[in-house]
Each structure stands twice: as structure tokens, then as C-alpha cells.
Amino acid sequence: MRREQTLNRLSSSDELETIRESIIKSRDSNQPGIAICGGTGCLALGGAGVITAFKREIEEHGLGTKVDLRITGCPGFCEKGPLVVIEPGNILYQQVKGEDVAQIISQTVLQGKIVDELLYLDIESGKKIVHEGDIPFYKKQKRLLLANNSRIDPNNINDYLALGGYAALSKALFRMSPEQVIEEVKQSGLRGRGGGGFPAGIKWESCCQVQGDSRYIICNCDEGDPGAFMDRSLMEGNPHSALEGMLIGAYAIGAHEGYIYVRNEYPVAVRNAEIAIKQAEEYGLLGKNILGSGFDFSVKINRGGGAFVCGESTALMASLEGKPGEPRAKYVHTVEKGLWDKPTNLNNVETWANVPLIINHGADWYTKIGTEGSKGTKIFSLVGKINNTGLIEVPMGITLREIIYDIGGGIPGGKKFKAVQTGGPSGGFIPESLLELPVDFDELSKVGSMMGSGGMIVADENTCMVDMAKYFLSFLEEESCGKCVPCREGIKRMREILTETTEGKGKDGDIELLERLSEAIMNGSLCALGTAAPNPVLTTIRYFRDEYEAHIKDKRCPAGVCKELITYSIIEEKCPGCGLCVKACPTEAITFMGKKKPVVLGQDKCIKCGACYDVCKLDAIKIK
Ligand SMILES: Cc1cc2nc3c(=O)[nH]c(=O)nc-3n(C[C@H](O)[C@H](O)[C@H](O)COP(=O)(O)O)c2cc1C
Ligand code: FES
């Protein structure tokens, strides 16, 4: 396996380059490499067993010093995990199980033969695909940040250094003034990836210009949005990229202390960030007199307070100070008075991770990627009713259709696409008619949604849009910190109206009432949790008003989801009496009447859970 050197303190940029060269030289590029995804998705699918099996097989074959085994972060294609990539050849094996490992070692690693049954099968062409880059899921992506996830063991700083890590820091420290760094970031057009899309360079400049003896840098890795795992995967898979970005930002702004605020429910991200900080300190890339430049910067980790609102910048700073995570009004900006009332520059993990790329390649290079108003790439977590669930990184300006069909592989079961929600729980739903929309900050806002931090949830024809709006409002109601009345009471009232609507108790005028409440909440709330909360409701009213009207006027749920408005019944001509639904029903509402005789469903016992509908393969159950 891998032999690594001890981490000696580096005291100049020359020493950094020397150590980089020696790491590269010490690695034999012809040596077989095995990269196993150790991301949370693959671990949940049995990845830990695969890792153990590889370690065992390698030992049994005496390959300890002959193969380069690397446990990496998430390369994105979580749907097909656990994933293993074998080098040379960039062979991607998917859905690997512990029992496949012996074959991978004996055939691929030792003999260079491909194990056909572990390759990805492209449904459209019917062909097996060997190389990661040839899989349609990856073809339209532009993975400036994520590509290194599968090349790096996040617990080994040498992997990051071997790929050019900390060269941007060295360039900034020794060849650029702080003003030049800020100018480069401004020129790049980099906008914050945490939600608002505020230009990073302008924020840095404002923070830098505030008078004060000390100032802080914060990396926001809270990510409390349901269905989102972009920041987690970046922190788990490549923590040094964010650390390097923070270091460059700190140098530019003149900060000497920084924090990574990471969600406590992300244990792998917390651990990998801790290890990354320790290793960077050992190399002298963090701490006093970094690389002999005279610049000092240290970073601490703070675990999140466990609430969605703690991701909001002012609530986060309150939480970091040990106070309840509640936002404050921002008439005084955090760049002036942030953490402990000192000038503070907070950016999202993905924003920080873009910075080394910009410094290395220059703003001109960066501005060539993306659209007029949104430069670079964006990471999205693609979830919901989509074939290829996973993490994607795409150039700004790609269309929603390309994301959902070319990368996401379309909707499972050949169902019809209905909408996609972008921007997290307070993002808006975008309908099929807008699938050609280029994805960037401004275009998404124009249609009533937003970029947010990058959650993308796909809904199919069987999704009730009123029910979806209710789900997100329930989440936001629960997560509202309660400090301001419009958000605390307004969201609750909106959720109550939506609940009544899904229960068939909606009244004429409710849609208009929802719209009026939305306006009041957006105008009066203290923070963006409240001001954005009505988005799911407003966009579903805007694009799916007919569904609201069907619930209110006809007491009907067109998607067949809202329990109070539907009944399940058996289509006798189609039912062969197989009994599958009888077994699935948790309340014994379905009676077996004998072979080849249709079953009987008792409405009095039916709780409308849909278990019978889900198991019936013959469409013999209908929803009315
Ligand atoms: C309720 C709420 C939750 C938020 N959660 C996060 C989060 O988890 N991560 C994040 O980076 N930004 C989050 N934000 C946005 C932050 O307030 C802030 O704008 C962002 O972190 C700034 O970084 P950026 O300029 O790099 O985007 C949240 C905002 C709100 C209103
Ligand atoms: S966690 Fe392994 S591919 Fe995403």
C-alpha cells in the first residue's frame, strides 16, 4: 500500500516545490492503483465491507507495497455505489460488493483483465462502459472541483500536494499583494455558492477595508437543507481545497484566525477537516510564519448547532460565539461587525474551494467558464425522482434539460417529469415548460426560484405539488428560530392552509390568502429563511394553479397523493389474485378470495398507505 514521508515543516515556497517533486517521484505511476469511494453514500451502500475486503485481499496476496490503495471522497455517481476505480486504465466498477473483491484483485489488478459484470451498463446503447469519463452521467459535467475527489485520499495531504495543492497559496503569498489577490477574485466574477450569489471579491474588499485590529474568516459547511450533500462531499473528499481557499482569503483580507463551521451530523467531514488541519499545520502551511512568509493563520473547527437556520451567516456567528443560533438584522453588515463584533468574512465551502483555481489559472481563464453573470461551475446534489441520483458539477449556463435527462438519466419507470425544485427548501419549483432554462443565479431567480446552495429535487407526474409545498413549509416552520413574528407565525399559517387544502378542507380565496401571506412574510422577516420561505408555495401556485384549484374546488388530488382525497380500489378484470397486495397491506384491509379470483379491498380498514399499489405489478389497483 502507500508509503508516506513524515511531514516536516516547510519554510519556503522552494521547499514546498521540492517536497512536491519528491512526493511525485516516490510514486510509481505504473503501480496499480485502487481508489475506493469512502463517501457517505457508498458507505451507506456497504462500502465499508468493500474497503475491508480489499485490505484483506491485498494482504493475502502480499501486495502491500505493490498497490496504491486509496480511500477517496465521493466522485458523484452515488446511485451506482459502492464505486471502485482501478488504475492504470481508469476502470470503473460499480455496485461492488465484498464478495467481488477477490475477483477484482486476481483478474484486474494482477492480470489486467476486466470484470465485465461490474461495469456500468448504458441502457440506451446496451453497451458496458469501462472508463468513468465515458459514462453519460459524467460526459456533460465540468468537474473543476469534484474531479480530484476520486484522486485524493483526503486524509493524506501528500495526495493534494502531488496534484499541485497549495501552489496557489504560495503564488499569492510570494508573488501577489493582498490587493492583487482581491482584484483577481473580483475580476473572476466568483459569486458565493452558499445561496445569495454575492460577489466574493467585493465581500473580501469590504471586509478588508474595515478598520480594526483583528478580523475573522469563516467557512460555512453547515448545509442543513434536506436532500443536499454538496458541501459535505467537498469537505469529506477534498478538505484542503477549502482550507487553501481560506488561507488565500485570510492573506488578502488580513485575517489571522479562521473557523470551519461544519454540520455536526457530518462526522466524516468533521474528521477529515480535523486531519487536514493537523497535516497542514505539520507542514507549516497553517500556523505561524507560513512558508516563511511572515503570514500567520490558524483554523479551528466548530460543530454546527443542529438547526437549518444556523447556516445563515449571522445565526452561524451567534452559534459560534456559544449563543442560540438566531439571526440578527443586517443593517450592520457582518464584514463590519461579525464574529465577536469584529470584521468577518464568511463564505461557503464551495466558494472557498474555487479560490485556488482562480489564483492558479487566473481570472481570465475562470471567466471563460459559465455565463455573463455567473462564472465557473456549480455543484448540485441531484435527488428525488431521477435515475442517476448523485453529485454533479456543471458549467453555469447548462440547461435544466441537460441536467435532468443527459446527466440525470431521466425519470425512473419512464414516468413524466413534472417539476424540479432548485435552491433548497425555500427554492421554487420549475415546470417542464422551462426545461430549456440555462442554470445560473439570475435565470433561476427570474422564474421564481434560486440557485441556493445547490440542492436539486426532481418531481415526477405522481407528485402532488400542493403536498410538496406543504412538505417544505412544514420543514421551514419547524426550522424557523421563532425570533421574528412574520416568519414564526406566517409560515405556520401558510402551512395550516396547505394542510387544510390537502385534506379537502380548502376554501375559495385560500390561494389569494396564501399569496398575501407570502408577501407579508417576504417583506417583514428578519432573515432569508423567512424572506425566501414562500417560494415553494408561490411557484407551485404560479405553475400548478390547476392542482390547487382541483384540491379546493373539486376536492380532488390529481396526482393521487393526498390521502383524504383518494380511495384505492381493485380493478377486478386485471387482478389474478396473486396475493402480493394481501401480504403488503399492513392493516389486513385486503382479503384473499382464492387463486385466480380478484382480491377484495375493505375501505373501512384501508389507511391509504399505498403499499398495495406499490407492489402490484399488473396495474390492478387504481387510485380515484
Ligand atoms: C436559513 C438559511 C440557511 C443557510 N444555510 C447555509 C448553509 O448551510 N451553507 C451556506 O454556505 N450558506 C447558507 N446560507 C447562506 C448564508 O447566510 C451566507 O449567505 C453564505 O454562507 C455566504 O457565503 P457565500 O457568499 O460564499 O455564498 C443560509 C441562509 C439562510 C437564510
Ligand atoms: S458516496 Fe460514493 S459515489 Fe457518492
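## Two strands side by side

How many bridges join strand β7 to strand β8, and do they run parallel or antiparallel? In this predicted model, β7 (residues 216–221) and β8 (residues 257–262) run parallel and are joined by six bridges.

Let's look at aromatic side chains next. The structure holds 16 aromatic pairs. One of them is tyrosine 160 with tyrosine 166, an edge-to-face pair at 5.3 Å centre to centre, with 80° between the planes. Are these two tyrosines buried or exposed? Both tyrosine 160 and tyrosine 166 are buried.

Another edge-to-face pair is tyrosine 251 with phenylalanine 295, at 5.7 Å centre to centre and again 80° between the planes. Tyrosine 251 sits in helix α10 (residues 239–253), while phenylalanine 295 is in the loop between α11 (267–282) and β9 (298–303), so this pair ties together parts that are 44 residues apart in sequence. Tyrosine 251 and phenylalanine 295 are buried as well. Elsewhere, Phe77, Tyr120, Phe137 and Tyr138 come together as one aromatic cluster.

## Charges over rings

Some rings have a charged residue over the face. Arginine 232 lies over the face of tyrosine 266, at 5.7 Å from the ring centre. Lysine 378 does this with phenylalanine 380, at 5.7 Å from the ring centre.

Another glycine turns up just after α2: glycine 62, which takes a positive phi of about 65°.

Several residues of α2 are buried, including Val50, Ile51, Ala53, Phe54 and Ile58. Glu57 is on that buried list too, and so are Cys42 and Gly47. What do the buried residues pack against? Their partners are β1 (33–37), β2 (68–72), β3 (84–87) and α3 (101–111). Here's a handy rule for reading such a list: an α-helix has 3.6 residues a turn, so residues three or four places apart point the same way.

## An enclosed strand with two partners

Last stop: strand β11 (residues 377–384). Seven of its eight residues are buried, so β11 is largely enclosed by the rest of the structure.

One partner of β11 is strand β12 (residues 390–395), with antiparallel pairing over six bridges. A hairpin of five residues connects β11 to β12, and threonine 377 stands opposite proline 395 in β12. Strand β15 (residues 455–460) pairs with β11 too, but in the parallel sense and over four bridges. There, valine 383 has isoleucine 457 of β15 as its bridge partner.

Notes:
Residues are numbered from 1 along each chain as its sequence is written. Chains are lettered from A and ligands numbered from 1 in the order in which they are written. This is a predicted model: local features need pLDDT of at least 70, side-chain atom pairs count only at pLDDT 80 or more; totals for chains, interfaces and linings use all residues. Side-chain values use heavy atoms; hydrogens and water are left out. Buried means under 20% relative accessible area, exposed over 50%, partly exposed in between (1.4 Å probe, protein chains only). Contact means heavy atoms within 4.5 Å. Rings of Phe, Tyr and Trp (its six-membered ring) pair if their centres lie within 6.5 Å; planes under 30 degrees apart count as stacked, over 60 as edge-to-face and the rest as tilted. A charge sits over a ring if NZ of Lys or CZ of Arg is within 6 Å of the ring centre and within 35 degrees of the ring normal. Two strands pair if DSSP finds at least two bridges between them.
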